[in-house]
Amino acid sequence: MSSKYAKIDLLADMAKIALTDEEQKKLEKELQSILAYVQVLDKVDTSSTPPTRHVSGLINQTREDKIVPSDHASEITRQSPRRSGFEIPSVRSLWTSKK
């Protein structure tokens with residue numbers, strides 16, 4: 001990792017992508033452009049603008065939680081290859097097996 005592209009290498013590592021030297025140079029220019037635009041936006045006076053949580057004004061529509069009897073357990077386990085339930089791998093084992 002070259003010191004010039006240390007932050008780009010860090011971003012690439014977090015994104016789990018490999019970058020060639022050419023891609024690093026291109027990404028450096030693109031990131032500089034993005035950061036320059038963010039600096040322009042930082043100068044915009046927003047003191048009279050109220051905080052916005054959602055621009056469309058939509059409100060989440062939720063339903064009331066209701067406990068209802070279910071008779072599906074026997075049907076679901078009947079479809080299981082083990083006949084006594086389903087075996088699901090832990091999230092941790094899925095994460096560590098891909099490294």
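In which helix is Leu41 found?

Mentor: Leu41 is found in helix H2, which spans residues 21–42. Helices (DSSP runs of H or I, at least four residues) and strands (runs of E, at least two) are numbered from the N terminus. This is a predicted model, in which local features need pLDDT of at least 70 and side-chain atom pairs count only at pLDDT 80 or more, whereas totals for chains, interfaces and linings use all residues. Residues are numbered from 1 along each chain as its sequence is written, and side-chain values use heavy atoms, with hydrogens and water left out.

The chain has 4 helices and 0 strands, in the order α-α-α-α along the sequence. Of its 99 residues, 8% are buried, where buried means under 20% relative accessible area, exposed means over 50%, and partly exposed lies in between (1.4 Å probe, protein chains only). The chain exposes about 10100 Å², with carbon and sulfur atoms supplying 57% of that area. Accessible areas come from the Shrake-Rupley method with a 1.4 Å probe, and for residues only the protein chains shown count as cover.

Leu41 itself is partly exposed, at 44% relative accessibility. Together with Tyr37, Val40 and Val44, Leu41 makes a nonpolar surface patch of about 390 Å². Patches are made of residues with over 30% relative accessible area and no salt bridge; like charges are joined within 9 Å, and nonpolar side chains (Val, Leu, Ile, Met, Phe, Trp, Tyr) within 5 Å. A salt bridge is a side-chain nitrogen of Lys or Arg within 4 Å of a carboxyl oxygen of Asp or Glu.

Elsewhere in H2, Glu28 is buried, at 19% relative accessibility. Neighbours within four places in sequence aside, Glu28 is in contact (heavy atoms within 4.5 Å) with Lys4, Tyr5 and Ile8.

Asp9 lies in H1, which spans residues 6–14, and has a relative accessible area of 17%. The side chain of Asp9 makes a polar contact with that of Gln24, at 2.2 Å. A polar contact is a pair of N or O atoms within 3.5 Å; within protein, one must be able to donate a hydrogen and the other to accept it, and residues adjacent in sequence count only if both atoms are side-chain atoms.

Between H1 and H2, the loop contains Lys16, which is exposed at 62% relative accessibility. Lys16 has a positive phi of about 60° although it is not a glycine. Most residues other than glycine have a negative phi.
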